[in-house]
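Dear colleague,

Please find the structure below, together with its sequence. My notes on it follow.

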Amino acid sequence: MTGSRATPTPTATAHDRHRSGLALLVIASCQLMVVLDVTIVNIALPHMQKDLGFSTENLSWVVNAYTLTFGGLLLLGGRLGDILGRRRVFIFGVLLFVFASLLGGLSQDGWQLLAARSLQGVGGAIASPTALSLITTTFREGPERNRAFGVFAGVSAGGSAIGLLAGGMLVEWLDWRWVLFVNVPIGLLIAFATPRFIPESERHPGHFDVLGALTSTVGMVLLVYGFIRASEDGWTDGLTLGSFAAAVILLAAFIMIERGSKQPITPLWMFRDRNRAGSYAMMLSLAAALFGMFFFLTLFVQNVLQFSPLRAGLAFLPVSAVIAVSAGLTSQLLPRWGPKPFMVVGALLAAIGLGWLTLTDVHSSYLGSILGPMLVFGFGMGMQFVSLTLMAVSGVAPKEAGAASGILNATQQVGGSLGLSILVTTFGTASRNEQAEQLRIIRQEVSPAQYEQLSRAEVLPPPWGAEVLTSGVSSAFVVAACFAVLAALVALFVIQVRPADLARLQGGATPLGAEGAGDGEADEPTSGSDPTRRDPDVPSPDPDDPRPDPDTDRPTKGL
């Protein structure tokens, strides 16, 4: 009688697959909730403005309060999961996001909504990077993990489109508060299901760079506040100047803290590679253009074209679709030509689309003046998302890939907030000038009593108010187009695609001597830096470590 060999039963295998599927559903649902929060709120902005009495300049804080805390604390959130255990940190981040969403929906004043949005950003910064890390600890390496990453990426890419539709339906059929309330049942279900389907990860020793996270986040908040304050009270206002001064001091302190930290939240050595630094600079500029386009077009289509919230959400769907198509084509063609051509052409297409939008006026229509520029802009941005991500993580040691991509994501959020504040400043200046012109016209058309009443109004009624809004939006798009042109110049003159890069993209071996070729002086240490200093966690030189080699003062593995 032969002994039987223990093998997994088909039922057990099916049970494991079912459990893995549920775990992926939990993780992907959290990422979807966090990602769509920006676009779902964008559609509700005009209604929030009307109910809570925001000026157009201060309305941008509804977006910025979330993205600044989210981007500023993103790297710290990932670090929390590594040290304290990813599952428990994930649950805490989700519950904090739920609590903040509830507070935001219940807000009766503008400052209450902004405080809730800031707290949402903190929750998102804790939950989102931990969700990505949970995939690596929950799914086996190979096809199973690859499929999980594919679902996660698809949810991240499609979140904006879903947010546009969901936001339009909730605002039109219920109330703007439901764009926040909707997170409560979803988040509670995620928090309830997480301990049942996701195992706890191993905890790793380390420390938190809290001081670095706080100085960078508060510094960026003050910088953004300075720009928005200047749009309303002028550049010589005491609080404006004080905000800029405090921002400079805090951001300088952040750099000093990071240079001296053993485990910095932002590894500054990553900026020594010219391609990676160029990618981060491009993301700053392009995120500013992207956030600005959605913010101002949302106001334009609802306040000038009189679109309903649902119709406004549908109007933006072609942008999401063309971004997805462009990203797919770019990923297929990258191995042949490398990322640089797509970075240059993509930025130029974004600039052309934004430049086209500067021609909008009160007589513009969606099909005649808005759809075409949005499609051109979206196609260019789709080329950028793939190329910038690839360039940011290319040549980085596997253990540092998370930090490299995390910095890129943080740069996108911070760049979007900073750029939007600059565009709002431009909008405010142009709007005030146009309002003065419209008041001059009004004086000739209405009675003195009516003129007195209108001159005291913060926002002029139609048709004069539409002229004011359109003038400000058009001026903001001029500056947004300049951001895209700046990104194109960085791609043209800073980014270098070397033979080693093309070999990696094509799946071949790196040509002998190709590593580091063409780096030029851009890889030299910055003034005052110590090229021999290594991360204390790295005990000896590693051939996959891109930090400078102390003997050659050049990266041992460059981009």
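Just after helix α11, Gly338 adopts a positive phi of about 80°. Helices here are DSSP runs of H or I of at least four residues, numbered from the N terminus.

This is a predicted model, in which local features need pLDDT of at least 70 and side-chain atom pairs count only at pLDDT 80 or more, while totals for chains, interfaces and linings use all residues. Residues are numbered from 1 along each chain as its sequence is written, and side-chain values use heavy atoms, leaving out hydrogens and water.

Confidence. The pLDDT (the predictor's confidence in each residue, from 0 to 100) has a mean of 75 over the protein chain, with 74% of residues at 70 or more. Helix α12 (residues 339-357) has the highest confidence, at a mean of 90, and helix α17 (residues 499-505) the lowest, at 60. Residues 1-12 stay under 50 and have one contact beyond four places in sequence (contact: heavy atoms within 4.5 Å). Residues 508-559 are also below 50, yet this stretch has 106 contacts in the model beyond near neighbours in sequence. Where pLDDT is low, the predicted coordinates should not be read in detail.

The 29 residues of α11 (residues 309-337) should span 42 Å at 1.5 Å a residue, and the end C-alpha atoms are 42 Å apart, which agrees; the expected span is 1.5 Å times one less than the number of residues. In α9 (residues 238-260), 23 residues should span 33 Å, in agreement with the 33 Å between its end C-alpha atoms.

Nonpolar cores. A core is a set of buried Ala, Val, Leu, Ile, Met, Phe, Trp, Tyr and Cys residues joined through side-chain atoms within 4.5 Å; buried means under 20% relative accessible area, with a 1.4 Å probe and protein chains only. In the largest core, of 111 residues, Phe296 and Leu354 touch the most other members. Helix α10 (residues 274-303) contributes the most, 16 residues. A second, separate core of eleven residues includes Trp61 and Phe244.

Thr194. This residue lies in helix α7 (residues 183-197) and counts as buried because its relative accessibility is 0%. Beyond four places in sequence, Thr194 contacts Val26, Arg87, Phe90 and Ile91.

Yours sincerely

Definitions and conventions. Helices (H or I, at least four residues) and strands (E, at least two) are DSSP runs, numbered from the N terminus. Buried means under 20% relative accessible area, exposed over 50%, partly exposed in between (1.4 Å probe, protein chains only).
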